[in-house]
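Please read this briefing with the sequence and the model side by side. The points are grouped by topic.

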Amino acid sequence: IVKNGYLVYENYFGNSDRQNQANEIHSCTKSVTSILVGIALAQGLIGSVNDYVLEYFPDRTFDNMDADKEAITIHHLLTMTSGLPWDESSYPWGHPLNDYSAIVNSSDWVQWMLNRSMEYTPGEVWNYNTGGSHVLSAIVSEVSGMSTVAFANQYLFTPLGISSFFPSSFSVFIF
């Protein structure tokens, strides 16, 4: 913890080796992805948070299409109210019924997520949804013509004075 420019607390929680290791931060990157969506909006790359998600993937077809899936907006993904099912807490990570494990083991995370059958009408139910953040990341990549990592480095981290938050060879934004 840094206060007024001074380190006031530092802890590696029982493992001092972590001091020089990169660690997965999972949910923090949901906030970073949301910031990147905001940057893309400010640059005019995304028209509105009310844009329909499927419009950003015109060359793809998805299973289980219905009016609810067509109604998912960027706003729904940002607020975790897309209506797409997601459960990463009922089963341990690595279990095939854990949605996080399933998406990571799929060959195309966006396709896996958007192929799913709708569970709710968009906007009706909040559900913590890592998969929705992956779709947002893909939208940023689609509209910018850059990997999400390259976009983040150029428009977020470098302007903040954070050099190479992720190495340029890092190809998947982990959440």
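**Two residues with positive phi**

Met80 lies in the loop between α3 and α4, where helices (H or I, at least four residues) and strands (E, at least two) are DSSP runs numbered from the N terminus. Met80 is not a glycine, yet it has a positive phi of about 55 degrees. Because its relative accessible area is 13%, Met80 is buried; buried means under 20% relative accessible area, exposed over 50%, and partly exposed in between, with a 1.4 Å probe and protein chains only. This is a predicted model, in which local features need pLDDT of at least 70 and side-chain atom pairs count only at pLDDT 80 or more, while totals for chains, interfaces and linings use all residues. Residues are numbered from 1 along each chain as its sequence is written, and side-chain values use heavy atoms, with hydrogens and water left out.

- Asn4, in the loop between β1 (2-3) and β2 (6-7), also has a positive phi in a residue other than glycine, near 55 degrees.
- Asn4 counts as exposed because its relative accessibility is 68%.
- As background to both residues, most residues other than glycine have a negative phi.

**Overall make-up**

- The secondary structure comes to seven helices and two strands, and from the N terminus on the elements run β-β-α-α-α-α-α-α-α.
- Of the 175 residues in the protein, 40% are buried.
- Among contacts (heavy atoms within 4.5 Å) with a separation of 6 or more, 67% join residues 24 or more positions apart.

**The nonpolar core and Phe57**

- The largest nonpolar core has 33 residues, and those with the most contacts inside it are Val53, Phe57, Leu114 and Ile139; such a core is a set of buried Ala, Val, Leu, Ile, Met, Phe, Trp, Tyr and Cys residues joined through side-chain atoms within 4.5 Å.
- The elements that give two or more residues to this core are α1, α3, α4 (99-104), α5 (109-114), α6 (130-144) and α7, and α6 gives the most, with six residues.
- Leaving out residues up to four places away in sequence, Phe57 touches Phe62, Val110, Leu114, Val135, Ala138, Ile139 and Glu142.
- A search of the whole structure finds five aromatic pairs; rings of Phe, Tyr and Trp (its six-membered ring) pair if their centres lie within 6.5 Å, with planes under 30 degrees apart counted as stacked, over 60 as edge-to-face and the rest as tilted.
- Phe57 and Phe62 form an edge-to-face pair, at 6.4 Å centre to centre and with 85 degrees between the planes, and both Phe57 and Phe62 are buried.

**Helices α1 and α7**

- The axes of α1 (residues 28-42) and α7 (residues 148-157) come within 10 Å and cross at roughly 75 degrees; axes are lines fitted to C-alpha atoms, for helices over the stretch in contact, and angles run from 0 to 180 degrees between N-to-C directions.
- From α1, the residues Val32, Ile35, Leu36, Ile39 and Ala40 meet Thr148, Phe151, Ala152, Tyr155, Leu156 and Phe157 of α7.
- The residues of this contact divide into ten nonpolar, one polar and no charged; Ala, Val, Leu, Ile, Met, Phe, Trp, Tyr, Cys and Pro count as nonpolar, Asp, Glu, Lys and Arg as charged, and the others, Gly among them, as polar.
- Helix α7 is mostly covered, with seven of its ten residues buried, and what covers these buried residues includes α1 and α6.
- The buried residues of α7 are Thr148, Val149, Phe151, Ala152, Asn153, Leu156 and Phe157.
- In the segment after α7 lies Ser163, which counts as exposed because its relative accessibility is 66%.
- Ser163 and Asn153 are ten residues apart in sequence and 7.5 Å apart in space, C-alpha to C-alpha.

- His76 is placed in helix α3 (residues 74-78) and counts as buried because its relative accessibility is 13%.
- Not counting residues up to four places away in sequence, His76 touches Ala71, Thr81, Ser82, Pro122 and Gly123.
- Ala102, found in helix α4, is buried because its relative accessible area is 19%.
- Leaving aside neighbours within four places in sequence, Ala102 is in contact with Pro96 and Trp112.
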